[in-house]
Every structure is written in structure tokens, then in C-alpha cells.
Amino acid sequence: MLGRQDLLGIIRVFPRGNARQLEVPLTERVMGNLPVTGSGIVSTLHIMAQAQGLGKRYVKAFFKGFFVAVPVTVTFLDRVACVARVEGASMQPSLNPGGRQASDVVLLNHWSIRNYDVQRGDIVSLVSPRNPEQKIIKRVIALEGDIIKTIGYKKKYVKVPHGHIWVEGDHHGHSFDSNAFGPVSLGLLHARATHILWPPRRWQKLQPMLPPERRPLQREQE
């Protein structure tokens with residue numbers, strides 16, 4: 001039996017790092033099994049500098065550039081894109097086709113929806129209208145002005161109001177979506193899912209796709 005979280009289609013956004021958190025993984029990648037005393041990149045650079053006979057001024061120059069570049073990179077990822085793991089069955093078969101055995105990891109593009117520019121068929125992440133602490137992932141079915149035939153909603157037909165969208169999971173009957181909570185404010189949009197990154201066999205670009213049976217009965221003129 002599917003639980004509530006399976007119906008929601010929750011995403012877990014991987015936490016953002018900072019300069020200090022990024023030091024250790026980079027040290028492990030660069031140094032491999034070489035003994036490292038202390039912590040972070042400082043020890044790594046001294047060993048490399050001694051081995052290659054480089055002067056201290058080059059090490060200082062590198063550090064000056066590194067600690068400026070890392071915060072910029074983190075800010076870039078925060079504003080432009082992030083990576084998230086998809087949980088639940090609500091977007092099957094498009095996402096998580098293997099059920100609980102494997103979860104898809106997707107790239108979420110913040111920049112592309114900065115002006116709330118979405119189209120029918122997009123897969124988007126948004127803040128849950130029922131729980132602001134959760135982010136969910138659904139497909140955009142209808143835009144403002146569209147008239148949609150609902151599935152189990154309190155009204156059989158709904159005209160999506162201005163500044164709202166209608167979202168659904170691909171796994172009809174196993175998704176907690178607009179058919180439960182109604183049209184969603186554009187202000188709750190978080191990002192557009194553009195690629196599946198993991199597992200490797202699932203790598204692909206996510207194209208907008210609107211199921212024929214879920215097309216709006218009447219569309220706002222574009």
C-alpha cells in the first residue's frame with residue numbers, strides 16, 4: 001500500500017555547501033592515499049609545493065583565488081540550479097519507475113522559472129500548499145485561464161485563476177496534487193526539473209510532455 005509520502009512526490013534538495021565543507025572532499029580527491037596532516041587544502045598544497053619545489057608566493061596566490069571562487073560557486077548553484085532526490089510513486093513512470101528500489105536524482109533549474117515562465121507539460125518542483133516545509137514535484141497540466149476537467153476534485157471543471165497553475169502527478173490515483181488541493185499559486189514555484197542525473201542508466205533530458213487525456217478543454221490564447 002502506498003503511503004502519504006508516496007502520493008506527495010517529495011523531493012529532498014541536497015544541502016548547499018560552503019568553503020569549509022568543500023575542503024575535505026577536494027583534499028581526498030587530490031591526495032588519494034598520501035598522508036595528510038592537519039585539515040583541508042592547506043596541508044595538501046604544502047605537500048604539493050614541497051614536492052614540486054614551488055615557492056610560497058604561488059601557494060598564497062592560489063589560496064587567495066580559491067577562497068574567493070568557492071563562495072561565488074556556491075552562490076551560483078543556489079541561485080541557478082540545485083540537485084534533488086525524488087521520493088515516492090506519484091510521478092511514475094516518468095520518475096522513479098523502479099519504485100522504492102531506486103530513487104531518481106534530478107537537476108532543478110531555478111533560473112528558468114525566475115519570471116514564472118512555465119509551460120504545459122513541464123515537470124516542476126514547488127512548495128507544498130499544505131506544508132510549507134515540504135517541496136513536491138509534479139507536472140504542469142494547465143495554466144491561468146485554462147479550463148480543466150478534474151479527477152476527483154470538488155468541482156468537475158475548473159478555470160485556473162490568474163497567477164495560478166494546475167499540477168498533477170503522472171501516476172493518476174496515486175498522487176496528492178491539484179485534484180486534492182486545487183490550483184497552485186505561481187509564487188510557490190521552486191524550480192523546473194530539466195534532467196535526470198542518477199542512476200547513470202537513467203540519465204536523460206526531461207522534455208515537456210502533456211498526456212493527451214489531460215489537455216485543457218479550453219486554453220487561454222497565447
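What follows is a short chat about ring pairs and nonpolar cores.

A: Gladly, and please keep in mind that this is a predicted model.

Q: How many aromatic pairs does the structure hold?

A: There are 2 aromatic pairs, and one of them joins Tyr153 and Trp166, whose ring centres are 5.5 Å apart with 85 degrees between the planes, an edge-to-face arrangement.

Q: Where do Tyr153 and Trp166 lie?

A: Tyr153 is in the loop between strand 6 (147-149) and strand 7 (157-159), while Trp166 belongs to strand 8 (residues 164-168), so the pair ties together parts that are 13 residues apart in sequence.

Q: Is Tyr153 buried or exposed?

A: Tyr153 counts as buried because its relative accessibility is 18%, which is under the 20% cut-off, and Trp166 is also buried, with a value of 0%.

Q: And what about Phe176 and Phe181?

A: Their ring centres are 5.6 Å apart and their planes are at 75 degrees, so this pair is edge-to-face, and both Phe176 and Phe181 are buried.

Q: Changing topic, which residues have the most contacts inside the largest nonpolar core?

A: That core has 14 residues, and Val118, Ile165 and Leu189 have the most contacts inside it; strand 4 (123-127), strand 5 (135-142) and strand 8 each give it two or more residues.

Q: What is Leu189 in contact with, leaving aside neighbours within four places in sequence?

A: Its contacts then include Ile113, Tyr116, Val118, Val124 and Ile165. Apart from this core lies another one, of 13 residues, including Val86, Met91, Ala191 and Ala193.

Definitions and conventions:
Residues are numbered from 1 along each chain as its sequence is written. This is a predicted model: local features need pLDDT of at least 70, side-chain atom pairs count only at pLDDT 80 or more; totals for chains, interfaces and linings use all residues. Side-chain values use heavy atoms; hydrogens and water are left out. Rings of Phe, Tyr and Trp (its six-membered ring) pair if their centres lie within 6.5 Å; planes under 30 degrees apart count as stacked, over 60 as edge-to-face and the rest as tilted. Helices (H or I, at least four residues) and strands (E, at least two) are DSSP runs, numbered from the N terminus. Buried means under 20% relative accessible area, exposed over 50%, partly exposed in between (1.4 Å probe, protein chains only). A nonpolar core is a set of buried Ala, Val, Leu, Ile, Met, Phe, Trp, Tyr and Cys residues joined through side-chain atoms within 4.5 Å. Contact means heavy atoms within 4.5 Å.
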